[in-house]
Amino acid sequence: MKTYPYDAPIMSNDNRIATQMNIEYAKAKMPADLPRAERLIVEENIKQLLKAHNAVLVAHYYVDPFIQDLALATGGCVGDSLEMARFGQAHSAQTLVVAGVRFMGESAKILSMEKTVLMPDLEAECSLDLGCPADEFSAFCDAHPERTIVVYANTSAAVKARADWVVTSSVGIDIIRHLHANGEKIIWGPDRHLGKYIAAETGADMLLWQGSCLVHNEFKATELMQLKEEHPNAKVLVHPESPDSVVALADVVGSTSKLLQSTYEMDADTFIVATDLGILHEMQKRSPYKRFLAAPTAGESASCKSCAFCPWMAMNGLQGIEQCLINNSGEVLMTPELAVAARKPLQRMLDFAESQKQRVTASGDIVKDRELFANVGAA
């Protein structure tokens, strides 16, 4: 792994201010909590609208729990970004309502150009996406033409179109190991923590774009160690978008889906979870008698000890879903040319993952075989 001063995108003061304004704007636009009676009315209306519009609701693990439950109750999907896009692609519905952030809506559109893709709020962004502008990243790639370009799924369609491969956190290690074995040097973007983790695991020569996730970047190792000391039997689950000092304390490192899977497969009663707090809803549903502790994102003097919640994910609300179905608003639009270019590296990943499944021979021992498939799957 190599890093250089010019790895980091040089942002103008205007860009820095714009990014900060986006964060504050996202917080300001968080939907107000609905009284229970009103919420039930809106939920029932959404159910009827989904049927009337031949639509299906797909939601990310990090959005409001009521939205997650509604997606499942109406035959939709709750999952990671790739799971959402794959589900929408395979579903017979003509309209996909994507409750997540903008790049997730774009990914759904890339795989389902013939379908209408709606979002409750198109201004729900992602710090990794915002921190990797397509023009700046493209110039960075042009400066290193000898390298294979691998980008994380948390990027715009334009950045995906510039890449050779798109990867998720679950299959990223396998793909980089494959490329490294073929002697390829890598440009990786945008998350520097995930890139550093994969480089350490694979030994690949990786040039890292210096982006980070607004949420995962804030986890604190010192405070996590203190929490571990208070709960010595707890297992620590960490998403690899977190700083390496936090990753070093983990019992399990992996994608959101892998962390979720660990909670009901591991022989443990207590878990410390270092990813967005939205996943705790599904974890608790899957394992109602287990205890889940949010990993700390701040020190002792902070007013919020664990604030791991994406402000853009919080912009998704039930009323926003209702309105996009009523008004056909929040549509994700994309030119066919961009979709074709962005789909190529994404399809390359899907084909690789499928080939990995085909090459693995199951022994028939469920416990033993589980490990074989652990790194093939969703984001």
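Me: What does Leu-57 touch, if residues up to four places away in sequence are not counted?

Reply: In this predicted model, Leu-57 touches Leu-50, Ile-67, Leu-70, Ala-71, Thr-74, Gly-76, Cys-77, Val-97, Ala-99 and Ile-321, once residues up to four places away in sequence are left out.

Me: Which residues touch the most other members of the largest nonpolar core?

Reply: That core has 115 residues, and those touching the most other members are Leu-57, Phe-137, Ile-176, Trp-188, Met-206, Met-283 and Leu-325. Helix α16, which spans residues 336-359, gives the most to this core, with seven residues. As a general point, nonpolar side chains in soluble globular proteins tend to be buried together.

Me: Why is Ser-262 called buried?

Reply: The relative accessible area of Ser-262 is 9%, and buried means under 20%, so Ser-262 is placed among the buried residues. Ser-262 lies in helix α13, which covers residues 256-265, and, leaving aside its neighbours within four places in sequence, Ser-262 is in contact with Leu-237, Val-252 and Phe-271.

Me: How many of the residues in the chain are buried, as a percentage?

Reply: Buried residues make up 53% of the 379 residues in the chain, and the chain has 17 helices and twelve strands.

Me: What share of the contacts between residues at least 6 apart in sequence join residues at least 24 apart?

Reply: Among those contacts in the chain, the share is 65%.

Key:
Residues are numbered from 1 along each chain as its sequence is written. This is a predicted model: local features need pLDDT of at least 70, side-chain atom pairs count only at pLDDT 80 or more; totals for chains, interfaces and linings use all residues. Side-chain values use heavy atoms; hydrogens and water are left out. A nonpolar core is a set of buried Ala, Val, Leu, Ile, Met, Phe, Trp, Tyr and Cys residues joined through side-chain atoms within 4.5 Å. Buried means under 20% relative accessible area, exposed over 50%, partly exposed in between (1.4 Å probe, protein chains only). Helices (H or I, at least four residues) and strands (E, at least two) are DSSP runs, numbered from the N terminus. Contact means heavy atoms within 4.5 Å.
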